[in-house]
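Hi,

Here is the structure I promised to send over. Have a look at it first, and then read on for my notes.

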Amino acid sequence: MSIRVHEDRCIGCGRCTEACPGNLLLMQGTDAGRKAKIREVRDCWGCTACMKVCPVSAIGYFLGADLGGSGSTMTIERQGHYYHWHIRKPDQHDVTITIDRENANQY
Ligand code: SF4
Ligand code: SF4
């Protein structure tokens with residue numbers, strides 16, 4: 001499992017670099033061309049912290065066979081205190097799970 005930064009969506013805010021507990025993300029480029037990049041994909045343990053802070057859902061997460069099917073990808077969309085976890089399966093079947101951050105610790 002690992003993440004991938006979609007550079008076409010990244011606005012270069014740098015929030016993900018501050019959120020990663022392993023310091024795995026860095027910024028490359030200057031000014032408007034500044035984009036996040038992961039140093040080594042194999043070092044990522046999939047905690048999703050970077051995805052949760054990204055304001056434009058620019059980070060995708062590849063799910064293993066045990067987590068929704070090989071080849072599935074997930075992005076997180078923030079909307080107020082809700083997280084929408086969008087999962088796209090290899091057959092293009094989409095699933096969305098919505099979590100209220102204010103109630104997340106109840107489950
Ligand atoms: S998923 Fe977690 S470990 Fe992987 S790059 Fe993002 S913040 Fe770092
Ligand atoms: S948080 Fe999202 S938009 Fe900001 S630098 Fe990281 S990937 Fe790009």
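Around ligand 2 there are 13 residues, and the closest are Cys-10, Cys-13, Gly-14, Cys-16 and Cys-54. Keep in mind that this is a predicted model, so please read everything below as computed from it. By type, the shell of ligand 2 splits into 11 nonpolar residues and 2 polar ones, with no charged residue. Cys-54 from that shell is buried: its relative accessible area is 9%, and under 20% counts as buried.

Now for the other ligand. The residues surrounding ligand 1 are Ile-3, Cys-20, Pro-21, Leu-24, Leu-25, Cys-44, Trp-45, Gly-46, Cys-47, Thr-48, Ala-49 and Cys-50. Of these, 10 are nonpolar and 2 polar, and again no charged residue turns up.

Asn-23 is not a glycine, yet its phi is positive, near 55°. You will find Asn-23 in the loop that runs between helix H1 (15-19) and strand E2 (25-28). Is Asn-23 buried, partly exposed or exposed? It is partly exposed, because its relative accessibility of 45% falls between the 20% and 50% limits.

Ser-57 is the other one: also not a glycine, and with a positive phi of about 50°. Its loop lies between helix H2 (49-53) and strand E4 (59-63). Ser-57 counts as buried, because its relative accessibility is 14% and the limit is under 20%.

Last one: His-6. Look for it in the loop between strand E1 (2-5) and H1. What does His-6 touch, once residues up to four places away in sequence are left out? The answer is Ala-58, Ile-59 and Gly-60. His-6 is buried too, because 18% relative accessible area is still under 20%.

That's what I have for now.

Cheers

Technical notes. Residues are numbered from 1 along each chain as its sequence is written. Chains are lettered from A and ligands numbered from 1 in the order in which they are written. This is a predicted model: local features need pLDDT of at least 70, side-chain atom pairs count only at pLDDT 80 or more; totals for chains, interfaces and linings use all residues. Side-chain values use heavy atoms; hydrogens and water are left out. Buried means under 20% relative accessible area, exposed over 50%, partly exposed in between (1.4 Å probe, protein chains only). A residue is near a molecule or strand if one of its heavy atoms lies within 4 Å of it. Ala, Val, Leu, Ile, Met, Phe, Trp, Tyr, Cys and Pro count as nonpolar, Asp, Glu, Lys and Arg as charged, and the others, Gly among them, as polar. Helices (H or I, at least four residues) and strands (E, at least two) are DSSP runs, numbered from the N terminus. Contact means heavy atoms within 4.5 Å.
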